[in-house]
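Thanks for making the time this morning.

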Amino acid sequence: MKETFHGLKKAFSLLVTCSVILAGCSSAGQPQTKSQDGQGVAGKGGTLVIAAPMEPDTLDTQLSTWVDDANMRMYDNLLARDASGKIVPHLAEKYSVSEDGKVWTFNLRKDVKYHSGEPMTAEHIKKSIERFVAISPNKSLIGPLVKVEAPDPYTVKITMSEPYAPFLSTVSDFMGALDPTRLDKLGDKFGDDPSGTGPLIFKEKVRGASVSYKVNKEYRWSPEFAENKGEPYLDEVMFRFIKDDDTKMLEFKKGTIQVFQQVPPHFVKELESMPGVGIAKNLDIGIQYLGFNNKNPMFQDVRVRQAIAMAVDRDPIVQYAMNGLAKPVFGPLPPTIPGYSEKVENIAKEMYARDVAKSKQLLAEAGWTDTNGDGILDKDGKPFSPELLVAGEPVLQQIAQILQSQLKEVGIDLRINVTDLQTLRDRATKANHDMALLMYGLADPDILYLMFGKGNSRRLHYENAELEPLLVKGRQTTDVNERLQAYEAVGEFLVKESPWVPLYSKEVVTAYRDVEGFKTSTSTGIIFQDIKLIKK
Amino acid sequence: MNGKVTEWHVDTNPPIQLLAQEPKQVESQAYWILVWKRLSKNITAMGGLVILLLFIGGVVFASYIAPYPIDQMKFEDRLLAPSATHLLGTDDFGRDIFSRILHGGQISLMMGLISVTLATVVGITLGVIAGFYRKLDMFIMQVMDILMSFPALLLAIVIIAVLGAGLTNAMIAVAIAAIPSYVRVVRSAVLSIREKEYIEAVQALGIRDYKIISRHIIPNILSPIIVMTTLLFGESILSAAALSFLGLGAQPPAPEWGAMVFVGRTFLSQAWWMSLFPGLAIMLVVLAFNMLGDGLRDALDPKQN
Amino acid sequence: MQKYLLKRFVSLLGTLLGVSILVFLMVHMIPGDPVRYIMGEYATDEAINAMKVQLGLDQPLIVQYFDFLARFIQGDLGTSLMTGITVWEEIVNRFPITFQLACYSVILGSVLGVLMGVIAAVKQNTLLDRFIIMFSLIGISAPGFWIALFLIWVFAYKLGWFPISGYEGFFSLVLPAVTLSLLSIGNIARMTRSSMLDVIKQDYMRTAEAKGAPSLSRVFSHGLQNAIIPVITLIGIQFGSLLAGAVITETVFALPGIGNFAIEAISKRDIPTVQGVVLFMAMIYTVVNLTIDIVYSFVDPRIRYE
């Protein structure tokens with residue numbers, strides 16, 4: 001996944017791939033069964049070595065644009081999510097929101113200590129949140145925040161200028177406590193020697209190679225989904241950043257790595273057949289999509305956009321390019337995030353099941369016909385030959401070629417242009433393109449506001465006065481059921497308008513060996529608390 | 001010394017100095033017949049010529065020879081090993097590799113042809129100007145020195161970063177990277193001709209420069225140009241393939257050879273044939289050009305006159 | 001001689017100045033906004049502009065160039081946007097790998113190349129000679145990336161003798177060095193063979209022969225000694241270009257050398273890094289070539305005043 005082009009700014013997109021966010025409800029890491037093999041005993045102690053997908057730019061997650069297990073597990077958030085994505089207490093035992101939806105109150109646990117031993121208080125949370133608002137590249141996720149208060153050592157009160165439902169997601173993903181003494185001492189350099197209240201304690205960082213942590217033996221405030229309420233078993237955790245997938249695979253086979261995160265699809269079969277290896281698959285919260293530049297005259301006609309959506313067959317893409325490790329998605333949201341509606345997905349599925357004849361008919365209605373008999377549609381003497389921008393990853397290039405051959409059947413001549421990510425972003429942002437193969441994802445349906453909201457549609461360039469109030473309603477409704485309804489309206493509208501063609505959500509695959517009690521999911525991350533190493 | 005070495009190739013000819021042949025009225029057919037006779041005795045050169053002709057034939061008539069269409073996906077046939085039905089196996093979309101190599105040759109050879117033509121035209125022009133008009137010499141050669149201070153591939157990559165990836169831009173980048181060594185060879189050949197007394201004599205007669213250049217200079221520097229161009233052909237194909245391998249040249253699904261090797265890389269452990277055969281095609285064509293170039297150099301070598 | 005050296009030095013400075021201008025211009029012509037890239041797409045325009053001011057990117061190009069040049073002369077290549085570490089430090093971290101790789105390849109290439117060249121010359125027109133000629137031709141004709149893939153396939157996948165890629169010490173450099181040396185062997189063998197043949201044709205070799213000196217010592221004491229100068233020059237040039245980054249080989253083997261780093265920096269639009277690394281590579285290359293020229297001019301006085 002590394003540099004796949006996600007839909008949103010780096011921060012969001014990165015979140016997608018990482019464990020921070022809302023869960024894949026799918027198999028969240030089956031209990032370890034295979035790895036005992038009759039030999040070896042699971043026990044206390046030892047170092048867990050993990051091959052991480054990418055080296056984070058910094059360990060200061062408030063400054064980072066890449067947040068995952070490798071750099072965020074020194075910190076805890078106010079709330080957490082379990083493997084199904086349900087929000088559960090963490091640093092905050094409970095929370096409430098005022099009736100007007102503007103004031104959030106969090107009641108903190110009283111037993112939380114920093115790695116330094118200092119007890120955590122509400123003032124520290126206030127300080128951390130204020131720092132986040134001041135410096136984080138992700139600060140827009142915090143919403144219309146007015147002020148943060150700490151009326152007593154165990155209460156945090158946050159006031160918004162207007163209701164902002166996604167705040168709960170932000171709080172579960174970002175808002176935690178950073179060691180205040182270190183913050184004072186290091187300031188912007190906090191990432192050089194970071195510390196918090198989390199299950200891992202920073203030990204050392206070797207740039208380009210690894211980050212090592214000691215396991216926090218005092219950690220007793222894990223979220224409820226961790227089974228081990230006592231002292232953690234592991235001594236240390238090391239994240240290694242090996243660039244090359246083949247090398248990771250080799251090391252994993254040798255047993256020098258116990259956990260292989262984000263296994264590329266073509267390795268999965270082999271790993272599944274290896275004795276003693278466990279595989280955890282979690283459906284991603286992101287969607288890969290074929291995006292139109294909706295400012296481009298070519299795609300002004302809704303019939304053209306619908307026709308292209310009908311020309312696409314997701315099955316070969318999922319089956320061959322993704323080796324079956326993905327789920328086709330037709331509607332605007334993947335099944336892994338709140339706001340997903342089966343109703344909307346079914347409408348979309350019915351409307352856009354592959355139908356070459358109907359697609360051709362719609363295109364003909366829009367004025368695209370093959371007048372010169374070359375097999376390519378044309379209109380006003382111009383052939384229908386849009387350019388598709390694709391990032392360099394082999395899988396994406398494969399998908400692009402499959403799309404190309406599918407669109408050819410309805411008479412569209414897709415020209416593939418493989419470019420580096422930066423050029424792609426640049427051109428897509430400037431609307432200087434026809435189509436692009438992209439991805440978006442966030443653990444909150446507010447992603448749609450970030451994709452289509454006023455002034456936000458930087459990739460698809462689709463804004464609509466009818467859609468805007470629906471999106472705003474979604475982000476301002478704190479009641480869960482009302483919110484779901486709001487997003488059903490958004491979804492139906494988007495499906496009809498077809499400003500892009502959603503393709504699939506991929507399975508995030510983690511392989512593990514020589515461990516007992518290993519669990520991971522996109523929303524919980526690896527649950528270090530429960531892991532025992534099997535020593536041979 | 002202008003034996004600049006790049007990662008993919010030597011772009012001039014270390015073994016034998018390319019000197020302009022002795023001034024003579026080279027229009028004489030007899031001279032070229034002699035050269036051909038010498039060349040035809042050279043087994044290596046003839047071997048190169050045969051390989052080359054085979055490739056050119058196969059590539060030109062690709063649509064008649066190729067047993068399968070190149071872009072049609074047949075997923076049930078994906079990653080088949082070489083067999084009687086698929087001579088060189090199939091790729092990840094079930095496309096026949098033999099057919100793709102034949103068609104891809106059109107792109108690979110054309111990339112070579114166009115970049116070489118571009119480099120030749122610019123290289124000869126600048127080389128002649130530098131050699132003939134001594135006032136411009138300093139400036140041109142300084143610019144060439146600057147261009148030559150870059151490792152050629154890196155220069156090409158940066159040029160593509162500026163222009164954008166794609167076939168045309170890759171060809172331009174390859175041509176630009178090849179120009180400096182061309183200019184050097186042409187310039188030194190022109191210089192050695194220019195020093196001959198009769199050029200001064202002709203100049204003294206008040207003959208216009210362009211006539212001197214076209215009648216007296218160009219014909220006499222043909223040999224090094226021919227050898228250089230032949231060798232450069234191979235090199236350009238290699239460079240263009242390298243750029244496509246990095247994803248900067250041909251775009252999918254174009255069956256350019258370097259791009260095919262790149263795709264094959266992902267499937268190396270499952271389907272070695274996906275990268276072996278396109279790479280072999282590159283090597284054979286470049287080898288053929290080098291064999292022919294070596295032979296031409298020997299045949300045109302004044303020392304053997 | 002001093003005059004010659006001075007002239008070469010001045011022209012070197014001119015070239016480097018030109019290189020710096022060219023690198024600077026090209027890098028700034030690359031489309032894509034590096035600041036957007038660091039700040040993320042949703043950063044406000046104000047924040048972007050503030051960052052541009054901080055990085056000096058709001059200044060006119062000419063001001064930026066002189067600023068860049070001034071800092072460059074003081075040895076400051078700027079800070080990488082990707083990693084936040086100074087470009088110089090990045091180069092210092094990565095260059096040793098490229099350097100080792102260049103050394104191994106050149107050593108392997110020279111030893112085998114010279115040996116093969118000498119044998120071919122001595123056994124001129126025999127089957128062995130033909131074989132060596134063909135081998136050298138293949139060496140210079142085969143695409144490096146393709147050779148690399150097949151070395152990986154055979155020696156890493158099938159036999160498991162060497163790592164597939166990445167850098168974990170000496171063993172990681174074996175396959176890349178072999179890949180690169182194939183080209184060197186081809187070049188060096190060809191050069192050695194032809195310059196040995198030139199020498200053999202000359203009279204003093206015949207004299208040596210008449211004296212009845214044993215063949216092997218004849219070849220080495222008389223022949224090679226005289227034939228080696230152009231070969232050494234070629235070896236030097238090979239070394240220079242390898243030091244300037246074996247870009248593709250480093251990429252295929254995922255070696256963290258400077259060639260690989262340059263490619264990564266280009267694709268991420270890390271302007272200071274591209275500038276610094278490309279300039280560094282060009283400098284190394286130029287200086288190595290100049291050194292060769294000067295050494296050569298001592299050895300062969302004829303070319304000095306060309």
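Between chain C and chain B, in what is a predicted model, about 4700 Å² is buried, and carbon and sulfur atoms give 76% of that area. The contact draws on 54 residues from chain C and 51 residues from chain B. If you look at the chain C side, the residues that lose the most area to chain B are F145(C), W146(C) and L149(C), which together account for 13% of what that side buries.

How many salt bridges are there between chain C and chain B? The count is 1 salt bridge, and it is formed by D294(B) with R190(C), whose closest N and O atoms are 2.7 Å apart.

Let me turn to chain A and chain B, where the buried area is about 1400 Å² and the share from carbon and sulfur atoms is 57%. Here 14 residues from chain A and 14 residues from chain B take part in the contact. On the chain A side, Y320(A), Q398(A) and Q401(A) supply 38% of the area buried against chain B, more than any other three residues. Across this interface of chain A and chain B, the rule finds 0 salt bridges.

Now to the inside of chain A, for which the domain assignment gives domain 1, covering 61-192, and domain 2, covering 288-507. The C-alpha centres of these two domains of chain A lie 35 Å apart, and 10 residues of domain 1 are in contact with 11 residues of domain 2. The area buried between them is about 800 Å², with 60% of it given by carbon and sulfur atoms. Which three residues of domain 1 of chain A supply more of that area than any other three? They are P163(A), A165(A) and P166(A), which supply 45% of the area that domain 1 buries against domain 2. The interface between these domains of chain A has 0 salt bridges by the rule.

Chain C also has two assigned domains, domain 1 at 2-73 and domain 2 at 88-299, and their contact takes 18 residues from domain 1 and 14 residues from domain 2. Together these domains of chain C bury about 1700 Å², 80% of it on carbon and sulfur atoms, and across their interface the rule again finds 0 salt bridges.

Over all chains, the structure holds 41 salt bridges. One of them pairs D60(A) with R131(A), the closest N and O atoms being 2.6 Å apart. This pair links distant parts of the chain, since D60(A) sits in the loop between β2 (47-51) and α2 (69-72) of chain A, while R131(A) belongs to helix α3 (residues 122-135), 71 residues apart.

I will finish with a pair of helices in chain B. The axes of helix α4 (residues 97-132) and helix α9 (residues 209-220) of chain B come within 12 Å and cross at roughly 105°, and α4(B) and α9(B) are therefore roughly perpendicular to each other. From α4(B), the residues I124(B), V128(B) and F132(B) meet D209(B), I212(B), I213(B), I217(B) and I218(B) in α9(B). By class, this contact of α4(B) with α9(B) has 7 nonpolar, no polar and 1 charged residues.

How values were computed: Residues are numbered from 1 along each chain as its sequence is written. Chains are lettered from A and ligands numbered from 1 in the order in which they are written. This is a predicted model: local features need pLDDT of at least 70, side-chain atom pairs count only at pLDDT 80 or more; totals for chains, interfaces and linings use all residues. Side-chain values use heavy atoms; hydrogens and water are left out. Axes are lines fitted to C-alpha atoms, for helices over the stretch in contact, and angles run from 0 to 180 degrees between N-to-C directions. Helices (H or I, at least four residues) and strands (E, at least two) are DSSP runs, numbered from the N terminus. Angles under 35 degrees count as roughly parallel, over 145 as roughly antiparallel, 65 to 115 as roughly perpendicular and the rest as oblique. Contact means heavy atoms within 4.5 Å. Ala, Val, Leu, Ile, Met, Phe, Trp, Tyr, Cys and Pro count as nonpolar, Asp, Glu, Lys and Arg as charged, and the others, Gly among them, as polar. Domain bounds come from an automatic or database domain assignment. Buried area is the accessible area (1.4 Å probe) that two parts lose on being put together, summed over both. A salt bridge is a side-chain nitrogen of Lys or Arg within 4 Å of a carboxyl oxygen of Asp or Glu.
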